[in-house]
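We will go stop by stop, with something to select at each one.

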Amino acid sequence: MSAADAEHDREPARASTHRDELVGLVALIAAGVLIAAVGMRLLTGPLATLAVAGLLAIVATLVVMAIAGGPQARRRLAPYGLLKPGILWLALFYLAPLFTLARESLSTLPSRFAVQAEFDWSIGNYTQAFRDFGPQFTRGFAYAAAATVLCIAIGYPLAYVIAFRGGRWRNLLLGLVVLPFFTSYLIRTIAWSSLLADSGPIVGAIDGLRLTSVFEALQIMDNDRLINTPAAVIGGLTYNFLPFMILPIYVSLEKINPALVEAAKDLYSPAPSAFRRIVLPLSLPGVFAGTLLTFIPAAGDFINAEYLGNPNTTMIGNSIQDQFLVQNDRPLAAAMSFVLMAVITVAVFVYTKFLGTEELS
Amino acid sequence: MTSSDRPRPPFDRRQFLRRSSAFGAAGLSLPALLAACGGDDDEGASTGATGGTDETTGATSPGTGGASSPGGTGGDELFFENWPEYIDLTEDGATGTVDRFTEATGVAMRYTDAFNDNVEYFALIQPALGSGETIEPDIIAPTSWLAGRLITLGWVDKLPLDQVPNAANLRPDLQQPAWDPTGEYSLPWQTGLTGIAYNLDATGRELTRTEDLFDPAFRGKIGMLTEMRDTIGLILQHLGVDPSTITSFDEAAEAFEMLAQAKADGQIRAFTGNDYLDDLSTGNFAACIGWSGDVVQLALENPAVRFIIPEEGGNSWADTMVMPKGADSRDAAAEWMNFVYDPVQAAQITAYVQFVSPVAGVREEVAKLDPELAESPLLFPDEEMLSNVKGFANLGEDVEAEFDAAFSDIIGA
């Protein structure tokens, strides 16, 4: 067979590769758009039923195509099939609500007790969010940042010990890190509020040791109380998000080959310098991931400030919750949520830019 | 085949993971989730609310919270959603009056105490009632001002008063009140007094005045109510303003300033609904604004807890029974109201909850149960007590909006 013949044979094959992938991609996008449109209530009633039927038809067609098309077609269609559950899930439960929320944030309530806001492109909600809730935004981010730093300070050494000195106890120790998750988040926070209560064991112990003035000087206590202070809110955030910091750091430490450290020592590197130049850089991806997993949910948290804070420690999450569920001002709450998301997104981009892991590993 | 022979994907996996996790995580913050839920709230509310209509077909409807009734029969069950600690309980925790009612009339009843805060409760029922749907409870217990708002909005039905002969026992001063000028939509459940509650262990001294709430020694140990009329009402009287006659925000502005200042100074530990009792009992609150009967009940368990009407003056208020629009079980509701407006039954409730009963003739019945109790000015206010407590003026809608906005600015998150 000549080279020209071989070339001739490959042509149609490539064309069909192209066609299959195009079909897969178009089907994926069409299915995502259909389900998102239903979720956004752009299609309602019989149209929505039709859209869902269309969605099922698309999926069924692809399955038939994959079965009929032989192994080649199956292999080419597989990625789109595997992406589908995730894409459809996100389209319905993330994109659609996000769209509804964006629309709501640009709406106005026609009267004080109205239930349905009217969409009128009003940006008043955004100006009000900035004007009235500046301190809550600031506090939300400040507390979240403080909790993240504390999580690193507590979590890194712990992960280090488990990874390098844990030996056969490793799995047990990791299990203990995860153990608090067996109890509900809310219950754990309420437990803190009774532990830290004015008549509770911790305040009693501090009092017994005559350390109250020390704690007051450190601004951890305020007029003989631990709970309902900024320190309690930050402490609660730290406690609740600590495992999210420990686990990624542990994973990145655990992957480090101990021979690297031995090699450094063979080259007369003192231990601190070996840590700084080998272990730390190699574990930074874990710190990076842990920071995202801690800071982002902590910035929007409202449970800790609700149960451990006072009226002067409310975080932006509390304000959003209050506007949504107590004041029933959904347009304003939606605008505040968007501002929060925007600020977090920008913060994460800046953070990624300066501490991105790509160059390190 | 080595890895370098493989066709290279458009972007590498690590990059993909990092970017998508950054985006995904940004969207996963709690308020965003909350917000996303909020967008579909009316959907959820309607699902919960259609329970009422289900009952006509005999299907049992899943409750949103709390106790199930003894032998609930679905269809005829009467559902009363009330405030906590607001009905007599027997030793084993059963609601005495509810049991006696079911025994006497054969009507199955579901009684819950999910009502913690008027503003919160309004926010809960607003999506359903505001879009013309029904909510599950047949009777709810808003405070008078909220009852007035619900009446004005047309979100409550007229009571079946023609089937409630005992309604004639309503105290004369509560007939056709300002919040319900025709008296057709509401019957008071209990009335009561707002004053100052304190925990002697935490204060170390007896309190007598509203001014004590602003004592710097109690910084961070004071609780105030999310109920605007109670908190502002007390402060107004401290400032020498009569809350029952105010007509504009300007007259109350000074009280709002005082409250805002106290909050800024860290004087106030928390603004609470009916859940202030725990903090008071543990001593987290050295002192707080409280409701008479609640605190008197608590004082029976914890002798360090005291309740006073401050020298500057206290507040009086009324909580009502109203039927949300479209509530079925009207006959059962009438039987219930008739039952609790019988002085003999009302006395059982009064002796337990220690509030001021709206039913005339209760004092005599209480005297039979406990002669000492019948002399308590907190249960049966005398002239002196009455001269020292004030109701809160019925604010016009625009003025109320102004008060609410100013108040939620201070207490709200």
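Start in chain A by selecting helix 14 (residues 316-325) and helix 15 (residues 330-355), whose axes come within 8 Å and cross at roughly 155°. Keep in mind as you look around that this is a predicted model. Angles over 145 degrees count as roughly antiparallel, and helix 14 of chain A and helix 15 of chain A are therefore roughly antiparallel to each other.

Now show side chains. On helix 14 of chain A, pick A:Ile316, A:Ser319, A:Ile320, A:Gln323 and A:Phe324. Their counterparts on helix 15 of chain A are A:Arg330, A:Leu332, A:Ala333, A:Met336, A:Ser337 and A:Leu340. Colour this contact by class and you get seven nonpolar, three polar and one charged residues.

Stay in chain A and move to helix 2 (residues 46-68) and helix 3 (residues 70-105). Their axes are 8 Å apart and they pack at an angle of about 155°; helix 2 of chain A and helix 3 of chain A are therefore roughly antiparallel to each other. What is the handedness of the crossing where helix 2 of chain A passes helix 3 of chain A? It is left-handed. To see who makes the contact, select A:Leu62, A:Met65 and A:Ala66 from helix 2 of chain A, then A:Ala73, A:Arg74, A:Leu77 and A:Gly81 from helix 3 of chain A. By class, this contact of helix 2 of chain A with helix 3 of chain A has five nonpolar, one polar and one charged residues.

Zoom out and colour chain A by domain: domain 1 covers 3-105 and domain 2 covers 125-355. The centres of these two domains of chain A, taken over C-alpha atoms, are separated by 40 Å. Their contact takes four residues from domain 1 of chain A and seven residues from domain 2 of chain A. On the domain 1 side of chain A, those residues divide into two nonpolar, one polar and one charged.

Next, switch to chain B. For the contact, domain 1 of chain B gives 14 residues and domain 2 of chain B gives ten residues. Which elements give two or more residues to the domain 1 side of chain B? Highlight helix 6 (118-130) and helix 7 (144-153) of chain B. By class, that side has six nonpolar, five polar and three charged residues.

Look for the sheet in chain B: three strands form an open sheet in the order 2-1-3, with parallel pairing. Strand 2 (109-112) and strand 3 (139-140) of chain B stand at the edges, each with a single partner strand, so one side of each is left without a neighbour in the sheet. Strand 1 (residues 78-81) of chain B pairs with strand 2 of chain B over four bridges; click B:Phe79 and its bridge partner B:Arg110.

Last stop: helix 10 (residues 249-264) and helix 17 (residues 397-411) of chain B, with axes 10 Å apart and an angle of about 10°. That makes helix 10 of chain B roughly parallel to helix 17 of chain B. Among the residues that meet here are B:Phe256 of helix 10 of chain B and B:Phe403 of helix 17 of chain B. The contact's residues divide into nine nonpolar, no polar and two charged.

Key:
Residues are numbered from 1 along each chain as its sequence is written. Chains are lettered from A and ligands numbered from 1 in the order in which they are written. This is a predicted model: local features need pLDDT of at least 70, side-chain atom pairs count only at pLDDT 80 or more; totals for chains, interfaces and linings use all residues. Two residues are in contact if their C-beta atoms, placed from the backbone, lie within 7 Å. Ala, Val, Leu, Ile, Met, Phe, Trp, Tyr, Cys and Pro count as nonpolar, Asp, Glu, Lys and Arg as charged, and the others, Gly among them, as polar. Axes are lines fitted to C-alpha atoms, for helices over the stretch in contact, and angles run from 0 to 180 degrees between N-to-C directions. Angles under 35 degrees count as roughly parallel, over 145 as roughly antiparallel, 65 to 115 as roughly perpendicular and the rest as oblique. A crossing is left-handed if the near helix is turned anticlockwise from the far one by less than a right angle, and right-handed if clockwise. Two strands pair if DSSP finds at least two bridges between them. Domain bounds come from an automatic or database domain assignment.
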